[in-house]
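Student: Hi! I've just opened this one and would like a hand finding my way around. Can we go through it together?

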Number of protein chains: 2
Amino acid sequence: MTMQLVCSIEEMRKVSHTLKQAYQRIGLVPTMGALHEGHLSLIRLAKQHADIVIASIYVNPTQFGPHEDFDQYPRDFERDKNLCQQEGVDIVFSPDSREVYKDLHTVYVIETCITEILEGAVRPDFFQGVLTVVTKLFNMVGPDIAVFGQKDAQQLCAIKQLVENLNFPIKIIEGPIIREPDGLALSSRNVYLSEQERKDALCLCQSLDLAKRLYVDNERSAKGIKQAVSDFVGLVPSAKLDYVEIVDGETFQSAHEVGSTAMIVLAVYIGSTRLIDNAFFRR
Amino acid sequence: MTMQLVCSIEEMRKVSHTLKQAYQRIGLVPTMGALHEGHLSLIRLAKQHADIVIASIYVNPTQFGPHEDFDQYPRDFERDKNLCQQEGVDIVFSPDSREVYKDLHTVYVIETCITEILEGAVRPDFFQGVLTVVTKLFNMVGPDIAVFGQKDAQQLCAIKQLVENLNFPIKIIEGPIIREPDGLALSSRNVYLSEQERKDALCLCQSLDLAKRLYVDNERSAKGIKQAVSDFVGLVPSAKLDYVEIVDGETFQSAHEVGSTAMIVLAVYIGSTRLIDNAFFRR
C-alpha cells in the first residue's frame with residue numbers, strides 16, 4: 001500500500017470515517033516532525049496496536065513561548081515523509097496551520113494539577129498548547145489508540161489525564177525513551193548541540209544513573225538525591241541545571257521520599273539548548 | 001421501538017459505536033432534566049436532523065457556583081423519562097455523577113473571549129463547567145449533531161466556538177426560544193416563582209419588546225436602549241436588573257451601535273430567582 005498524504009482537516013475526517021466503517025482500528029502518532037528513532041519507535045508501537053497508522057506532522061505554535069524556538073525548530077518535511085514511508089505509516093496527516101488555528105481562536109484545554117510544576121512552571125503556555133492541539137488532532141483524526149513517548153514524561157501524564165477526564169474514547173500507549181549508544185535521550189533539539197555540547201549533554205542521563213545508584217545504595221531522601229544531581233551537573237562547564245525533581249510517576253506531584261512509583265525528572269540547559277530526561281527508580 | 005435507558009459511560013460508548021457502524025446519524029440533546037416544552041422542541045429538532053435521538057439528563061455540578069442552586073435544582077427523573085418517551089427519544093443517557101467526575105478531575109475546557117462578560121462575569125465557573133461537561137458528553141456519546149437552545153444565547157455562542165476551535169466533528173443545531181402564551185421564556189427555574197413573581201417575570205420579555213420597538217423607531221444607540229430597559233425593569237417591585245447588554249450575535253462582544261447582527265440579552269432577579277432572556281433585533 002502506498003502511503004497517503006492528507007493535508008486538509010475535512011479530507012482527514014472523510015478518510016477516517018471510511019476506515020472506521022470498514023472496522024479498521026486507527027492508531028495516531030502525533031509528531032512535530034524532525035523525526036528520529038524515538039518517533040519511529042512510536043510508529044512501530046502504533047503498528048502493533050492498530051490496523052492503520054496515521055502520523056501527524058505539525059509544529060504547533062501555541063505550545064511555544066514567545067522567546068522559544070518555534071521559528072528555528074527543525075523542519076524537513078521530505079525527509080520526515082520518507083522516514084514514515086519506510087516505517088510503513090499508512091497516512092501522513094500534515095494540516096495547514098491557517099486551517100488548524102482560525103483567526104478567532106479562544107477555546108483551550110487546561111490542566112490544573114500535573115502541569116503546574118516543572119515544565120509547566122518554566123514554560124507557562126506549553127501544556128495549554130499541547131493539550132489543546134492534542135484535543136484538536138484527536139477530533140480531526142478520531143483514533144482508537146494514540147502513542148506518546150515517555151521522554152516527555154510530564155506531557156504523557158497530562159495527556160493520560162486529558163483522555164481520562166474528558167472521556168476521549170482513545171487508548172494511550174506509552175513508548176519508552178530511545179537513547180543513543182552513549183545514553184543521550186533522542187530529541188529533535190539535539191541537532192542544536194555543538195560537538196563539545198553533545199559530549200556535555202551526557203550529564204543528563206549520567207545524572208539519572210547517579211540517582212538510581214544512590215537509590216540502590218538505599219538513599220530514599222529526594223533532597224539528598226537532588227543535591228547530588230545538582231552538584232554533578234554543576235561540574236559540567238556548558239551545563240546549567242534548570243530543575244531536578246523527584247515526583248510520583250502517576251500524579252506528577254513532588255515527593256520527599258523516593259517511593260515505589262517515583263521518578264526523577266530533570267531539565268538542563270546545554271549552552272542555549274534546553275534538554276529534558278527522566279527515569280523511574282524501579283524500572 | 002422502546003426507549004432505552006443508558007446509565008454507564010461504557011455502555012453508552014458501545015451503543016453509540018454499534019449505531020455508527022449501522023450508518024445511523026446520532027443526534028444529542030444535552031439537558032439537566034426538569035424538562036419543559038423548550039427541551040421538547042429541541043428533541044423534535046434533533047429528530048428532524050438525526051436517525052437516533054439521545055437525550056442526556058445530567059445536572060452538572062461544575063457549572064454551578066458555590067452559592068447557586070445546584071442542590072435545589074428541580075429533579076424529577078421519572079417525569080423526564082416519560083416526556084422523552086412521549087417525544088420519541090430513542091435513548092435517555094443519564095450517567096452516574098461519580099462516573100462523570102472522578103476523584104482527580106483537573107482537566108477543563110475554557111473560552112477566553114465570548115465567555116468573559118455577562119453570564120461569565122456574574123458566574124465565574126459557569127462556562128468552564130458547561131464547556132467541560134459538553135466536551136465530556138460529546139466524547140461519551142459521539143453524536144453527529146447536537147441541539148442547543150437560543151434561550152441560553154451566550155452558552156450557544158460559546159459551544160459553537162468550542163466545536164469550531166477544537167474541531168469536533170459535530171454539527172450544532174440551534175433551537176428557538178419557546179415562550180408561554182404571555183411571552184415568558186420557558187426555563188426550568190420558572191418553578192421557583194410565586195404567583196406574583198410569575199406576573200412580574202414578564203418584565204423580561206416586555207423589555208425585549210420595548211427594545212425592539214425603540215429599534216423600529218430608529219433608535220440605534222445601545223446606551224439609549226439599555227437605559228430604557230433599565231428604567232422599565234426598575235418599575236417592577238420584585239425585579240432587580242442584573243445586566244442588560246447589546247452584543248453582536250456572532251461574537252458576543254458589546255456593541256455601542258445596534259447593528260444588523262445585534263441582539264439584546266438580559267438577566268433579571270425576580271425575588272431570589274435569576275432569569276435570562278434575549279432577542280435579535282432583526283429576526
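**A chat about the sheets, helices and chain contact**

Tutor: Happy to. Let's begin with a sheet in chain A made of 3 strands: it is open, ordered E8-E9-E10, and its pairing is antiparallel.

Student: Which strands are at the edges there?

Tutor: Those are strand E8 (239-248) and strand E10 (273-280) of chain A, each of which pairs on one side only.

Student: How many bridges join E8(A) to E9?

Tutor: There are 9 bridges between E8(A) and strand E9 (residues 262-270) of chain A, and the two run antiparallel. To find your place along them, look for A:Tyr243, which stands opposite A:Ala267 in E9(A).

Student: And which helix packs on that sheet?

Tutor: Helix H10 (residues 222-234) of chain A does, touching E8 and E9 of chain A. The direction of H10 makes about 160° with that of E8(A).

Student: Before I go on, how far can I trust what I'm looking at?

Tutor: Keep in mind that this is a predicted model. Chain A has a mean pLDDT of 96, with 100% of its residues at 70 or more. The model's scores are ipTM 0.95 and pTM 0.96.

Student: Good to know. What is the strand order in the sheet of 6 strands?

Tutor: In chain A the order is E1-E4-E3-E2-E6-E7; this sheet is open too, and the pairing is parallel. Strand E1 (4-6) and strand E7 (171-175) of chain A are at the edges with a single partner strand each, so one side of each has no neighbour in the sheet. On average, neighbouring strands here are turned by 25° against each other, direction ignored.

Student: Which strands does helix H2 lie across?

Tutor: Helix H2 (residues 37-49) of chain A lies across E2, E3, strand E6 (145-149) and E7 of chain A. H2 runs at about 155° to E6(A).

Student: Switching topic: how do H6(A) and H7(A) cross?

Tutor: Their axes come within 11 Å and cross at roughly 50°. H6(A) and H7(A) are therefore oblique to each other, and H6(A) passes H7(A) in a right-handed crossing.

Student: Which residues meet there?

Tutor: From H6(A) you have A:Phe127, A:Val130, A:Leu131, A:Val134 and A:Thr135, and they meet A:Gln155, A:Ala158, A:Ile159 and A:Leu162 in H7(A). By class, the residues of this contact are 7 nonpolar, 2 polar and no charged.

Student: Now the other chain. How many residues of chain A are in contact with chain B?

Tutor: 23 residues of chain A are in contact with 23 residues of chain B. On chain A's side, helix H1 (9-21), strand E5 (107-111), helix H6 (126-141) and helix H7 (153-165) each supply at least two residues. E5(A) gives the largest share, 5 residues. That side of chain A has 12 nonpolar, 8 polar and 3 charged residues.

Student: What does E5(A) pair with?

Tutor: E5(A) is joined by 5 bridges to strand E5 (residues 107-111) of chain B, and the two run antiparallel. There, A:Val107 stands opposite B:Glu111 in E5(B).

Methods. Residues are numbered from 1 along each chain as its sequence is written. Chains are lettered from A and ligands numbered from 1 in the order in which they are written. This is a predicted model: local features need pLDDT of at least 70, side-chain atom pairs count only at pLDDT 80 or more; totals for chains, interfaces and linings use all residues. Two residues are in contact if their C-beta atoms, placed from the backbone, lie within 7 Å. Helices (H or I, at least four residues) and strands (E, at least two) are DSSP runs, numbered from the N terminus. Ala, Val, Leu, Ile, Met, Phe, Trp, Tyr, Cys and Pro count as nonpolar, Asp, Glu, Lys and Arg as charged, and the others, Gly among them, as polar. Two strands pair if DSSP finds at least two bridges between them. Axes are lines fitted to C-alpha atoms, for helices over the stretch in contact, and angles run from 0 to 180 degrees between N-to-C directions. Angles under 35 degrees count as roughly parallel, over 145 as roughly antiparallel, 65 to 115 as roughly perpendicular and the rest as oblique. A crossing is left-handed if the near helix is turned anticlockwise from the far one by less than a right angle, and right-handed if clockwise. pLDDT is the predictor's confidence in each residue, from 0 to 100.
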